[in-house]
Structures are given as structure tokens and as C-alpha cells.
Amino acid sequence: PCVIRELSDEKIIVAQQIIENIQREDLGVFDKAEALMKYKRSLGEAVTWKVVEDNLGISKRRREQIIRALKMPAEVRVIITEKGREHVRWRFTERHARELMKLQHNPQKLTELATAAVDYRWSLKKLGEEVEAALRSDAANMPPAPIKTVRYQDVLSALRAMPAEKADAFLRKLQEDLTQNETVQPQESA
């Protein structure tokens, strides 16, 4: 079954086409995002995203999820689009794109995992595991945070300026932190 409508306004026609395309399951991640951008441009510069969302019947969150795919590096988008066409029964989804964007700070790893995801037709779960492993590896390779030295007198001054309840909570938290962190060594104030 199909619905036949006679539409005269160009903006309504474009909106209807975009709505239909966004709802298509076979439309690629980047095609959806580009269609949204094209629709917004067709409405004019003064139009806000709120108007676009209302016209298309999508939430702000949904629109942001779709558009976020365009933040992926161009070479990765090409890899996904070109190689993805080779696999008839596997599809790179928006959720795959969101997982990969967690590696936005590391374009080399993002490209590597995007290529592997397409080549080996990784499930979303597999891609998520690989992204998490890459993030853990990144964290393990980061230098330790510098240790800040705080003078006893500065702590006392700050405590005196706080309301009693807040000072008590601060002291409990400080004691908890100090007992959990064996590397803290008290120093004599000068």
C-alpha cells in the first residue's frame, strides 16, 4: 500500500521526502545526516533546529544522534560507505557510529577500528568491546596526574570559612581519601 499526496509547497515536499528517507531502514548513517543538513539549509539560515525537529517530528536527541555521524573524519566515512556496500547482509548503523565517536580524540585508532568493523562485519557488541579496550589502553598510557601540595594552614582557613555541615562533610571525605590513598605523605608546614 502507498499514500498518494498532491503537494504544492516546495518546502513541504522536501520535508516529506526527508521524513520518508529518515524512516527508511536501508538508508545509510551519513545519508540521513546529510539529508537533515540539506533540509535545514533549504529552510534558510534563520531557521533553528527546533523548527526542523518539529517539522520532521523528531526529538532534539534523535536529531543530534543523526547529525553526530557527520563529525566522523571524512576518510572514515569513505571507508564505511564504500566498503559497507560490499556486505549485503551487514549494515553499519548509527549505533556503530556513536561507538566509534568515543575515539574521536584518537583518529588513527578510530580509522583502524572502523576498517576492522566493516571488513569483519562486527556486531555492535563486538565494536563496543574493541572501543572500550582502546579507551582503556589510552588511559593506561596517560601520564599520572601531578600531585598537588596543600598547606595545612590553607586547609584550616578554608574550613573556618565553611558552614559547619559542609566542613564536616569535607573532613569525612578527606579522611576517606587519605585512608584509601597510601601514597599521601603528610609534610611539615614551613
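This is a predicted model: local features need pLDDT of at least 70, side-chain atom pairs count only at pLDDT 80 or more; totals for chains, interfaces and linings use all residues.
1. Residues are numbered from 1 along each chain as its sequence is written, and side-chain values use heavy atoms, with hydrogens and water left out.

2. The protein chain has 10 helices and 0 strands, helices being DSSP runs of H or I with at least four residues and strands runs of E with at least two, numbered from the N terminus. Buried residues make up 29% of the 190 residues in the chain, where buried means under 20% relative accessible area, exposed over 50%, and partly exposed in between, with a 1.4 Å probe and protein chains only. Among contacts (heavy atoms within 4.5 Å) between residues at least 6 apart in sequence, 61% join residues at least 24 apart.

3. Helix α2 covers residues 29–43, and its 15 residues should span 21 Å at 1.5 Å a residue, which agrees with the 22 Å between its end C-alpha atoms; the expected span is 1.5 Å times one less than the number of residues. Val 29, Phe 30, Lys 32, Ala 33, Ala 35, Leu 36, Tyr 39, Lys 40 and Leu 43 are buried in this helix. Just after α2, Gly 44 takes a positive phi of about 110°.

4. Lys 40, in helix α2, deserves a separate remark. Lys 40 is buried yet has no salt bridge, and the nearest side chain of opposite charge, that of Glu 45, is 8.6 Å away; here Lys and Arg count as positive and Asp and Glu as negative, whereas His and the chain ends are not counted. Leaving aside neighbours within four places in sequence, Lys 40 is in contact with Val 47, Thr 48, Trp 49 and Val 52.

5. In soluble globular proteins, nonpolar side chains tend to be buried together. A nonpolar core is taken here as a set of buried Ala, Val, Leu, Ile, Met, Phe, Trp, Tyr and Cys residues joined through side-chain atoms within 4.5 Å. The largest such core has 22 residues, of which Met 72, Ile 80, Phe 92, Leu 100 and Leu 113 touch the most other members. At least two residues of this core come from each of α2, α5 (74–84), α6 (94–100), α7 (107–119) and α8 (124–140), and α7 gives the most, with 6 residues. Apart from this core lies another, of 16 residues, among them Tyr 39, Val 47, Val 52 and Ile 66.

6. Helix α7 has 13 residues and reaches 18 Å from its first C-alpha to its last, close to the 18 Å expected at 1.5 Å a residue. Its buried residues are Leu 110, Thr 111, Leu 113, Ala 114, Thr 115, Ala 116, Ala 117 and Val 118. Not counting residues up to four places away in sequence, Leu 113 touches Leu 100, Leu 103, Trp 122, Leu 127, Glu 130, Val 131 and Ala 134.

7. The loop between α7 and α8 holds Tyr 120, which is exposed, with a relative accessible area of 61%. Tyr 120 and Trp 90 are 30 residues apart in sequence and 9.8 Å apart in space, C-alpha to C-alpha. Just after α7, Arg 121 takes a positive phi of about 50°.

8. A salt bridge is a side-chain nitrogen of Lys or Arg within 4 Å of a carboxyl oxygen of Asp or Glu, and by this rule the count comes to 9 salt bridges. In one of them, Glu 34 pairs with Arg 77, the closest N and O atoms being 2.7 Å apart. This pair links distant parts of the chain, with Glu 34 in helix α2 and Arg 77 in helix α5, 43 residues apart. Glu 34 is partly exposed, with a relative accessible area of 36%.

9. Lys 50 and Asp 54, whose closest N and O atoms are 3.1 Å apart, both lie in helix α3 (residues 49–56), 4 residues apart, about one turn of the helix, and both are exposed. Arg 63 forms a salt bridge with Glu 53, the closest N and O atoms being 2.8 Å apart. Arg 63 lies in helix α4 (residues 60–68) and Glu 53 in helix α3, so the pair ties together parts 10 residues apart in sequence. Arg 63 counts as buried at 9% relative accessibility, and Glu 53 is buried with a relative accessible area of 6%.
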